[in-house]
Amino acid sequence: MWQKLFSGSEWLELPLVTLVFFVATFVGACLWAFARRRSGHYDRMARMPLQED
Amino acid sequence: MTSTTSSVTVPVTYDDKSVRGFIFFSVFWGLIGMLVGLLAALQLSFPGLNFDLPWLTFSRIRPLHTNAVVFALVGNMMFAGIYYSTQRLLKTRMASDLLSKVHLWGWQLIVVAAAVTLPLGITQSKEYAELEWPIDLMVVVVWVAFAVNFFWTLAIRNERNIYVAIWFYIATILTVAMLYIVNNLALPIAGTKSYGIFAGGQDALTQWWYGHNAVAFFLTTPILGIMYYFLPKAAERPVYSYRLSIVHFWGLVFIYIWAGPHHLLYTALPVWAQSLGMLFSLMLWAPSWGGMLNGLLTLRGAWHKVRTDPVLKFFVAGVTFYGMSTFEGPLLSIKSVNALGHYTDWIIAHVHGGALGWNGFMAAGMFYWLVPRLFGTQLHSRGLADFHFWIGTFGILLYMVAMWVGGVTHGLMWRAENPDGGLTYPQWAEVIEAVLPMYMLRSIGGTLYLLGWGLMIYNLLATVRGRQPVAVTVTVPKLESTALPSSARLIFSTPIAISVLGCVAGVLFGLGNLALSTVMLVFLLMLVVWAGFLMYHSTGTGKHVWHQMIEGRPLAFSILTMLAVMVGGIVQLVPGLVLEKKVPLTASGEYAVAPYTPLELEGRDVYVREGCYVCHSQMIRPFRSEFLRYGEPSRLEESMWDHPFQWGSKRTGPDLARVGGKYGDDWHYRHMLNPRDLVGASNMPAYPWLRDAKVDTARTSTKLAAMRRLGVPYKAEEIQGAAGALLEQGRRIAEGLAAKGLPLAADSELTALIAFLQRLGKNAVGQN
């Protein structure tokens, strides 16, 4: 059945679907990175270079 | 087992002597490297500036310039930053003073060895990997000393979690070791000569896997680590987003390694490899700009300091140049853009934006911040540092604009066609003449930048004059071992399973089967949703996420980093290594591409030694304009016996892939002695020493035997009779020249070079 489905279709949308998928992944990563939720660990790590020598 | 801090404290005295040493050598070698670069740039306008001396000629000193800037200036700067920040971030002294000394002085010995051998023409002719095998061995020994010292220091640290800068250092140390060893695998035939084990397309792919990632993991990742440490220090602000730095790191190290083939677009390299290179280059935009934004946004609330602090000026401009370069790189990887920009000075603009703007300015910012602190004083003159910044910025921009204009001009002139279908600019001299003003502007821009560097040297010397170095001792809580998840448990965990499944699905998606691609796309979507769900529920105050645990386990972190960078290399390099070499046969059963004759092979070695690849490609792209100018596009099998490949990366002169038979032997003779006798506008150096230098025929059979060991199909009798065959072919060429009143010995290096040039492109077309 699958073979029949794919052989009868050029599926020109596949690259577009792929593009949407990768953009969604990118946006997801951005949302996670820039999320406002605080983490004590990450805050502490971000300040590590500021500790006195 | 892992560790936690205790109430017990220990005194730690940092080893800043090594830091001072690396800074000194970075500044010094930087001056030398840029002076050599300026001389090379001037020679493009005034080719007589080599004074007919082989060791001062463009094609030999250009590799010296690139090696000096990459490995001596940036290398030493990187080591200074790594030694300083690693000790402070891990709250411990470097593990071994002896290994630090071996690293410091061993690296300078390597730089000196490069400075001596490259002008002498001792080279492998692979860009940024020119050094011959004895120096390669030195590099490996010194790098291992550095790695042992670094990882030993990690093992004795007094800080549980390793900061993002350290991640970048780990990636640098491991990946550079892998790249350098693989790309320099060679069969030595003498103390100063070897043949690489890869040939042709495989060599090209391996070389640019290395070359591109030398940019990635030598010029980028360590400097990003330095950015993540020194920028917050100078701005007195925490890193903008630590989560973004996690995405930045893993995205960068995983994606970068795949992008090498974008140096080989439209070549004879298989299209699938080219497409992978372009695709991953485009993906690099995301993590690169994520890192740039993370750097710039670290300055939020502190932008007013940029007005008055030269250190921040350099850092801000450096990170901005990083953003520009990492925008331009993927742009140039788009095949249609690459068709215009490749082989032109556009690439020179691009690399100098990275080297002068990103590396050079980050180095200057770090030195201005670091040197006064190492000597417990203030910078001698902020005004002078400000002037350095502005003159340097102007110099870079002048340089880049000149090379952009020159590059695009070249690209457009090469492809310009008349209405009748012929080339508008068939003569190479027309193309060169058009960009000569740009070459002069480039030299002026470089001079301004160099002047700024000189001002920095004066400023730093005036800062430390009469002062003693400061010994920094701090008391830190000692890290004690406690039971935590093992490295194995962290590696065989859900995030890794998701990543591996994602990679496998991505590869299957790309295989080209429509049904498989669709299924894999759905699977990937499910993976992302699953990952997002897990991340949402594991993030928040008080929760110990997987990445937090992995940051406390350097061994697990290093293994995962290594796996991330190995995937791309395995997918791209292994297929070519395991597939049998298929050289087409003629109708009579002979190889369509015959191995070089002994004289041609010797001539090829002269070509390699003189660095002809610096200005001439041997790769005709499948464009109409290139067909009209050079002939049929190059085929993969034509360089199948080439150890090393000579496809080149820049065309200051025309492509030579099919130059054989285009001109007579006498033309080449005259052209090599003085190109301007034949082409008035030529900016090619003269090579008069080749006429009197003799081929060492006693070594020719050794060379053929080495080639046979590498898979080139020489017969035993050909190897035994190599010297005789060489002289016989040389005699025929010499007699032809003598008939035209041009005396040349049969065993002259010029005879060999002419034989090689006349052979190029003279291959039969296979029947299978």
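At what angle do the axes of helix H5 (residues 164–183) and helix H21 (residues 554–578) of chain B cross? The legends below begin with this pair and describe close-up views of a predicted model.

**Figure 1. Crossing of helices H5 and H21 in chain B.** The axes of H5(B) and H21(B) cross at roughly 55° and come within 10 Å. The two helices are therefore oblique to each other, and their crossing is right-handed. From H5(B), the contact is made by Trp167(B), Ile170(B), Ala171(B), Leu174(B) and Thr175(B). These residues meet Phe557(B), Ser558(B), Thr561(B), Met562(B) and Val565(B) of H21(B). By class, the contact comprises 7 nonpolar and 3 polar residues, with no charged residue.

**Figure 2. Packing of helices H2 and H3 in chain B.** Helix H3 covers residues 97–117 of chain B, and its axis lies 10 Å from that of H2(B). The angle between the two helices is about 170°; with angles over 145 degrees counted as roughly antiparallel, H2(B) and H3(B) are therefore roughly antiparallel to each other. On the H2(B) side, the contact involves Leu64(B), Asn67(B), Phe71(B), Ala72(B), Gly75(B), Asn76(B) and Phe79(B). Their partners in H3(B) are His103(B), Trp107(B), Val111(B), Ala114(B) and Ala115(B).

**Figure 3. The hairpin of strands E2 and E3 in chain B.** Strand E2 (residues 186–190) and strand E3 (residues 193–196) of chain B run antiparallel and are joined by 4 bridges. Between the two strands of the hairpin there are 2 residues. Ala190(B) stands opposite Lys193(B), a residue of E3(B).

**Figure 4. The side of chain B that touches chain A.** In the contact between the chains, 33 residues of chain B meet 27 residues of chain A. Helix H2 (58–90), helix H7 (221–235), helix H8 (242–256) and helix H19 (514–538) of chain B each supply at least two residues to this side of chain B. The most is given by H19(B), with 10 residues. By class, the chain B residues on this side divide into 19 nonpolar, 10 polar and 4 charged. For the complex, the predictor gives an ipTM of 0.79 and a pTM of 0.93.

**Figure 5. Contact of helix H2 of chain A with helix H8 of chain B.** The axes of H2(A) (residues 14–34) and H8(B) come within 7 Å and cross at roughly 145°. Ala29(A), Trp32(A), Ala33(A) and Phe34(A) represent H2(A) in this contact. Across from them, H8(B) contributes Arg243(B), Leu244(B) and Val247(B). The contact residues of the two helices divide into 6 nonpolar and 1 charged, with no polar residue.

Figure 6. His643(B) and Pro644(B) are joined by a cis peptide bond, with omega about -5°. Phe51(B) is a residue other than glycine with a positive phi, near 50°.

**Figure 7. Predicted confidence in chains A and B.** Chain B has an average pLDDT of 93, and 97% of its residues score at least 70. For chain A, the average pLDDT is 75, and 68% of the residues score at least 70. Among the elements of chain A, the lowest mean pLDDT (56) belongs to helix H1 (residues 2–7), and the highest (86) to helix H3 (residues 40–46).

Notes. Residues are numbered from 1 along each chain as its sequence is written. Chains are lettered from A and ligands numbered from 1 in the order in which they are written. This is a predicted model: local features need pLDDT of at least 70, side-chain atom pairs count only at pLDDT 80 or more; totals for chains, interfaces and linings use all residues. pLDDT is the predictor's confidence in each residue, from 0 to 100. Axes are lines fitted to C-alpha atoms, for helices over the stretch in contact, and angles run from 0 to 180 degrees between N-to-C directions. Angles under 35 degrees count as roughly parallel, over 145 as roughly antiparallel, 65 to 115 as roughly perpendicular and the rest as oblique. A crossing is left-handed if the near helix is turned anticlockwise from the far one by less than a right angle, and right-handed if clockwise. Two residues are in contact if their C-beta atoms, placed from the backbone, lie within 7 Å. Ala, Val, Leu, Ile, Met, Phe, Trp, Tyr, Cys and Pro count as nonpolar, Asp, Glu, Lys and Arg as charged, and the others, Gly among them, as polar. Two strands pair if DSSP finds at least two bridges between them.
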